[in-house]
Amino acid sequence: MYWNQARECMPREEMQKLQDARLIKTVKRVYHNVPYYREKMQSKGIEPGDIKGIGDLSKLPFTIKQDLRDTYPYGLFAVPLSEIIRIHASSGTTGKQTVVGYTRKDIDTWAEIMARTLASAGAGKESVIQIAYGYGLFTGGFGAHYGAERIGASVIPISGGNTKRQMQIMKDFGTTVLACTPSYAMYMAEELEEAGIDPSSLKLKSGIFGAEPWSVAMRNELEKRLGILAIDIYGLSEVMGPGVASECPCKCGLHVQEDHFIPEIIDPETQEVLPHGEKGELVFTTITKEGLPLLRYRTRDISSLNYEKCDCGRTNVRISRISGRTDDMLIIRGVNVFPSQIENVLLELGDTAPHYQIIVNKVGSLDVMEIWVEMTQALFSDEVRRIEDLEKKIRKEIENTLGLSAKVKLVEPKSIQRSEGKAKRVIDKRNLDQ
Ligand code: DLL
């Protein structure tokens, strides 16, 4: 289902023209309104007149999270504060918070792209959407909320947490769409099972899951357990929030809302733009934002671009499922490892519960990775030998897949902390003692 067919299925040439015009306007806007960008452009020896279209994108400077921190809180805003009607911020666990501001038009754009996202996941006027992303400075709750209102659905703004109440409401209010992080959805699936509520007795049809990396195996598990279609949605607060890109029911990449954001893939080391199809760091230039327009924002997320037409009829470029972040990548004894690879191995084997944690430590000068996985209740009550055999089996599979040995420890059911928002899968103790 399209929300805005003209934009979602626009012929490439037309899309490019639209992007050219919008990019030119954005570059002028930041040059004239944001001293920080003016200086960056001047130091590269470029003026707005040098940018004639998206072919000139690579002439523009990159923006990184540190730039937002250096200009904290409002230094990159391109409008006076009186024009800003909403402020969100990142949780800021490391360093200063990142503050983002929206004009009325930006909020309108955000509702539009989230409406497209929800419609492509099959939601509409008849849907009852339970929004269990956090409401607050995090963009998840409000982003999904405005999109859901735009499509005319019945919105339940429950926010994250209070899982028992979530289930009660899901059942009593007839929720058809659940919006939350995949790790929270898994927690809810588990709690439903425990409460003896059969998901097929609910009205739930689809889940709009994102805000954290999750594997295909995790999607399969969620779809099976909840009996739903699970759709991957992507976004980041700096660029807008949820809705920057999202899957259609083909589940073969996430369509970027290209009339608002231009994606590029670069080599994170050399910063060179990579050819279509190659994996690298995802970069976005916003081309309609008024409050906080960003030139070539480096997301640190790893993906690739696919410009082929999708079976759903949308022509918008697709990004591949985010496999991790450059700063989430663990380097263990020289081998690059993403938590999502480990998740895939564990869930594909399927002999354990889908809850795990990765602990990395240093013993002497050697990196040691330990993977804790929860046993299912049945396994927990089984013989010790069977548990040891399974530990061996997982260890072998991890070694085959990653080319890296890891300690595997099967732990008691429910002993790994559940997440109501973004899950913390990795505890890296290597830097703590330095
Ligand atoms: O997480 C916005 C969002 C809310 C997206 C709800 C989807 C649903 P931030 O808190 O700024 O914004 O975090 C952005 O989260 O750079 C990715 O690393 C990660 N991320 C977001 N969506 C996905 C996804 C929101 N679908 C950061 N798959 C991004 C993998 C994701 N990672």
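View 1. A polar contact is a pair of N or O atoms within 3.5 Å. An oxygen atom of the ligand and an N or O atom in the side chain of Asp301 are 2.6 Å apart. Ser237 places a polar side-chain atom 2.7 Å from an oxygen atom of the ligand. At Glu212, a backbone N or O atom lies 3.3 Å from a nitrogen atom of the ligand. The ligand taken alone exposes 610 Å², and the protein buries 93% of that. The structure shown is a predicted model.

**View 2. The shell around the ligand.** The ligand is surrounded by 20 residues. The closest are Asp232, Ile233, Ser237, Asp301 and Lys422. Sorted by class, nine residues of the shell are nonpolar, five are polar and six are charged. Helix 6 (139-150) and strand 7 (229-236) each contribute at least two residues. Strand 7 gives the largest share of the shell, with five residues.

View 3. Glu221 and Arg225 are joined through their side chains by a salt bridge, 3.2 Å from N to O. Both residues belong to helix 9 (residues 216-226), where they are four residues apart, about one turn of the helix. Glu221 has a relative accessible area of 16%, and buried means under 20%, so Glu221 counts as buried.

**View 4. A salt bridge between Arg321 and Glu247.** The side chains of Arg321 and Glu247 form a salt bridge of 3.8 Å, N to O. Arg321 sits in the loop between strand 14 (318-319) and strand 15 (324-325), while Glu247 is in strand 8 (residues 241-247). The pair links distant parts of the chain, 74 residues apart. Arg321 and Glu247 are both buried.

**View 5. A salt bridge between Glu343 and Arg425.** In this salt bridge the closest N and O atoms of Glu343 and Arg425 are 4.0 Å apart. Because Glu343 lies in helix 10 (residues 339-349) and Arg425 in the loop between strand 20 (407-411) and strand 21 (426-428), the pair ties together parts that are 82 residues apart in sequence. Glu343 is buried, as is Arg425.

**View 6. A network of salt bridges.** Arg7, Glu112, Arg116 and Asp259 are linked by salt bridges into a network. The count of salt bridges in the model comes to 32.

View 7. Ile87 belongs to strand 1 (residues 84-89). With a relative accessible area of 35%, Ile87 is partly exposed.

Technical notes. Residues numbered from 1 in each chain as written. Predicted model: local features only at pLDDT ≥ 70, side-chain atom pairs only at ≥ 80, totals over all residues. Heavy atoms only, no water. Buried < 20%, exposed > 50% of the residue type's maximum accessible area, 1.4 Å probe, protein only. Near = heavy atom within 4 Å. Polar contact = N/O pair within 3.5 Å; in protein donor to acceptor, adjacent residues only side chain to side chain. Areas by Shrake-Rupley, 256 points an atom, 1.4 Å probe, with all protein chains shown as cover. Nonpolar A, V, L, I, M, F, W, Y, C, P; charged D, E, K, R; others polar.
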